Amino acid sequence: MPDHRQAVRRVLVITLVLNLLVVGLKSLVGFWTGSLSLLADALHSVTDSANNVLGLVTNQLASPRPDRDHPYGHQKYEAVGALGIAAFLGIACFEILKNAGERLVSGGEPVTMSAIALWIMLLVLGINIGVAFYERRVGLQLGSKILIADAHHTMSDVWITISVLGGLVGVWLGWQWLDVVMAFPVALLVFKSGWEVLRENLPWLVDEMAIAPEAIHTEVMRVPGVVNCHEIASRGLLGRQVFIDMHLIVEPRDLKDAHEITEHVEAILEEKYGPTRVTIHLEPLGYQSPKITY
C-alpha cells in the first residue's frame, strides 16, 4: 500500500500558512470594527490552524506499514486526529454561543463598518474557498481522512464567513442587531461540521462492520473448490484497508491444493474491495455450518 504521508504533510503545511493569514486578517478587522460575529469567526479560524498542526502530528504517526508494536498498521491515528477536529469544532460552537448570549444580555459598543473592512473579508472568503477545495481534492486523491475532515472544517468556515459578511453588510447599512443575530447560524454550521466528522470516523475506531458478510460469502462461494464459507467478520475502511476473518471448507484434502484455493479467495476479495488482509481458518471437509456471520 503506497505511503502518501509526505504529500499529505505538504498540503497541511500550505493550508496552515493560509489559515494563519486568515486568522490575522479576521482578527484585525474584528478588533477594528468591534464585530462580535467576526471575532467569533476568527476564533473558528484559529481552530483551522490548530487542526493543521494536529494533522501534521497524527500524519507523522499514521504509517500504513505495520511494525512489531503495531502489526495491523497505524492508520487509526488519522481517525483519532479527525475526532480531535470534531472536538475543536465543539469548542468553537460553545464559544460562539456564549459570546452571542453575553452580547444579547449586556449589549456592547456599536459595530463600525467600512468598505475597506468588507473588501478584506472578501479576500478572506476567497482564501477559505481555495483552501477547502484544494484540501478536499487532494484528500480524495490520496485517500487521506485527515485532509478530507479538515476540508469539511474549512468549508464550514467558508459558510460562516459568508454569513458574517452578510451581517457586516447589514451593519454597514445601519442594522446593528444583525451582528449578534448572525452569530447563531455560525454556531449551527460549526456544530454540523463537527457532527459529520464524528459520524464518518467513529465507526472505523470502534471496528464497525466494513463489508456485509453476505456479500463476502457470495464472492467466496464463486471460487472453484470452496464448499462452505462461514463465521465471516470484517472491519476497517473500505477502499483504504479492510481486515476479513472467515472459516472455510474446501474440496481438496492435501495442504498444497487447499492453500492455492485460499490464495485465490484472497485475490478475488482484494480485487473486489481494494486493500484487504484476509485471515482464513480451514476446516475439515465433513464439517458444515449454516451460520454465515457471528
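User: How many aromatic pairs does a search of the whole structure find?

Analyst: Zero aromatic pairs are found. To pair, the rings of Phe, Tyr and Trp (its six-membered ring) need centres within 6.5 Å; planes under 30 degrees apart are stacked, over 60 edge-to-face, and the rest tilted. This is a predicted model, in which local features need pLDDT of at least 70 and side-chain atom pairs count only at pLDDT 80 or more, while totals for chains, interfaces and linings use all residues. Residues are numbered from 1 along each chain as its sequence is written, and side-chain values use heavy atoms, with hydrogens and water left out.

User: What pLDDT does the protein average, and which elements have the lowest and the highest mean?

Analyst: The average is 79, and 89% of the residues score at least 70. pLDDT is the predictor's confidence in each residue, from 0 to 100. Where pLDDT is low, the predicted coordinates should not be read in detail.

User: What helices and strands are there, and in which pattern?

Analyst: The protein has nine helices and three strands. Along the sequence the pattern is α-α-α-α-α-α-α-α-β-β-α-β.

User: Where does UniProt place the feature "transmembrane region", and what is the chain there?

Analyst: The unreviewed UniProt entry places this feature at residues 12-33, 79-98, 110-134 and 158-191. UniProt positions are given in the numbering used here, feature names are shortened, and annotations may be inferred rather than shown by experiment. In the model, residues 12-33 are 100% helix and 0% strand, with end C-alpha atoms 31 Å apart. Residues 79-98 are also 100% helix and 0% strand, and there the end C-alpha atoms are 29 Å apart.

User: What does helix α5 reach, and why is it called largely enclosed?

Analyst: Helix α5 (residues 145-172) reaches 40 Å from its first C-alpha to its last, close to the 40 Å expected for its 28 residues. Because 22 of those 28 residues are buried, α5 is largely enclosed by the rest of the structure. Buried means under 20% relative accessible area, exposed over 50%, and partly exposed in between (1.4 Å probe, protein chains only). Gly174 follows α5 and has a positive phi, near 110 degrees.

User: Which residues touch the most other members of the largest nonpolar core?

Analyst: They are Ile96, Leu147 and Val190, in a core of 40 residues. At least two residues each come from α1 (5-33), α2, α3 (76-106), α4 (115-142), α5 and α7 (183-205). α4 gives the most, with ten residues. Such a core is a set of buried Ala, Val, Leu, Ile, Met, Phe, Trp, Tyr and Cys residues joined through side-chain atoms within 4.5 Å.

User: Why is Ile96 called buried?

Analyst: Its relative accessible area is 1%, so Ile96 counts as buried. Ile96 is in helix α3, and its C-alpha is 8.4 Å from that of Leu43, 53 residues apart in sequence.

User: Is Glu231 buried or exposed, and what is its phi?

Analyst: Glu231 has 14% relative accessibility and therefore counts as buried. Glu231 is in strand β1 (residues 226-237) and has a positive phi of about 50 degrees, although it is not a glycine. Most residues other than glycine have a negative phi.

User: What lies over the face of Phe243?

Analyst: Arg235 does, at 4.5 Å from the ring centre. A charge sits over a ring if NZ of Lys or CZ of Arg is within 6 Å of the ring centre and within 35 degrees of the ring normal.

Key. Helices (H or I, at least four residues) and strands (E, at least two) are DSSP runs, numbered from the N terminus. The expected span of a helix is 1.5 Å times one less than its number of residues.
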